[in-house]
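Please examine the structure shown below.

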Amino acid sequence: MSAPAPSSSRVSARIGGITPSATLAVDAKARELKAQGRPVIGFGAGQPDFPTPDNVLEAAEAAVRDRGNHGYTAAGGLPELREAIAAKTVRDSGFDVGHQDPGRVLVTNGGKQAVYSAFATLLDPGDEVLLPAPYWTTYPESIVLAGGVPVQVTADETTGYLVTVEQLEAARTPRTKVLLFVSPSNPTGAVYPREQVEAIGRWAHENGLWVITDEIYEHLVYDGAEAPSMPVVVPELADRTVVLNGVAKTYSMTGWRVGWLIGPQDVVKAATAYQSHLCGNVSNVAQRAALAAVSGPLDAVFAMRSAFDTRRKRALSLLSAIPGVEIPVPLGAFYLYPSMKALLGKEIRGERPADTVALADLILREAEVAVVPGEAFGTPGYFRISYALAEDDLVEGITRMADLLAEAR
Ligand code: PMP
């Protein structure tokens, strides 16, 4: 018998099945229009609009000149950085993996790679992941690429986009291996109160589930909210928890591409072996910059937080005043997630947008304002609006959108 012929498709089914990031697509479309001279205001950004702090730049400058940074280094990350990440984690969330135990930290090429590596390391084909929605677009794609099956558990504006233990339990099957948890959340800005983190953590532990908890927005919380770390609230869970984080949002370092995962020894060892073949070490200069960031002060993020808070309140009051728009108060990150359902099917400038993709397209054409439709986050009927932009632009953009939507009949 001859071996089966290779598939004739040019791109593999696995890679061909990926949907390109919708948030990056909206950003690109807005940028394209801007380049043509259009006064587009983009609410698509997933990054702080502040400069990377000076102490980080200085460390990077020195690192460039140091020849010790010009060659390959350990795939898992510079030992000093892994230790500093362990120390920073105790300082910021109270999760203690031991300063002398950097073997529980893997430095990755951005938080994004930590997301994918965590799933790739934990999932076998067919393993199910409970994925609270609205979800960040990268999660389901990473789960599928890793051979897993995302099982969406949807929460809406009536519960502030927080899923309950009852909902999770209803979605659990004998194939469920992992729960993905993120608080503060992208795209909703929702923050889980401590009791709910505890209830979900206990339930996960009782059912032998793994938890991948994404803490990248840990410092961006408002109105006195706190975002406790699940393995700190439920310590029994630590042996089955992978914590994801990075420097992108806290230190305004999205382009530097440094993130990490923290987990049990065996998981981190396996994820490190994988990374050693995938890409080797993360850029040493970027790691040195990240080292200065995580071992330095948090002043920059606190200043950003205060600016974000002002904008959050402003944007919230302007958006809630638009007839038909429903929006719970977001307590974290830098996103608002209004429901636009009441406006769908209404006539605006001769069109009747039936879904939020069509409504977002109309708003981009007619008001020159770019928003990301909820379809990108598993929940049609909503918009994600980032307030990581100058306050004047924020007000101008929402006002233009409000004026257009006021025409809805
Ligand atoms: N997690 C969440 C929830 C995010 O929103 C992002 C950035 N959009 C990341 C992880 C990854 O960030 P980065 O790859 O830039 O470190």
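Helix α3 passes helix α11 in a right-handed crossing; a crossing is right-handed if the near helix is turned clockwise from the far one by less than a right angle, and left-handed if anticlockwise. Helices (H or I, at least four residues) and strands (E, at least two) are DSSP runs, numbered from the N terminus. The model is predicted, so local features need pLDDT of at least 70 and side-chain atom pairs count only at pLDDT 80 or more, while totals for chains, interfaces and linings use all residues. Residues are numbered from 1 along each chain as its sequence is written, and side-chain values use heavy atoms, without hydrogens and water.

On the α3 side, the contact (heavy atoms within 4.5 Å) is made by residues including Asn55, Val56 and Ala59, and on the α11 side by residues including Val285 and Arg288. These contact residues divide into nine nonpolar, one polar and one charged.

Helix α5 also passes α10 in a right-handed crossing. Among the residues that meet are Gln113 and Tyr116 in α5 and Val267 and Tyr274 in α10. The table gives the axes, lines fitted to C-alpha atoms over the stretch in contact, with angles from 0 to 180 degrees between N-to-C directions.

| Helices | Axes come within | Crossing angle |
|---|---|---|
| α3 (54-65), α11 (284-295) | 8 Å | roughly 145° |
| α5 (110-122), α10 (265-278) | 10 Å | roughly 115° |

Three strands form an open antiparallel sheet in the order β9-β12-β11; two strands pair if DSSP finds at least two bridges between them. The edge strands, β9 and β11, each pair on one side only. Helix α13 (residues 356-366) packs on the sheet and touches β11 and β12.

Technical notes:
Ala, Val, Leu, Ile, Met, Phe, Trp, Tyr, Cys and Pro count as nonpolar, Asp, Glu, Lys and Arg as charged, and the others, Gly among them, as polar.
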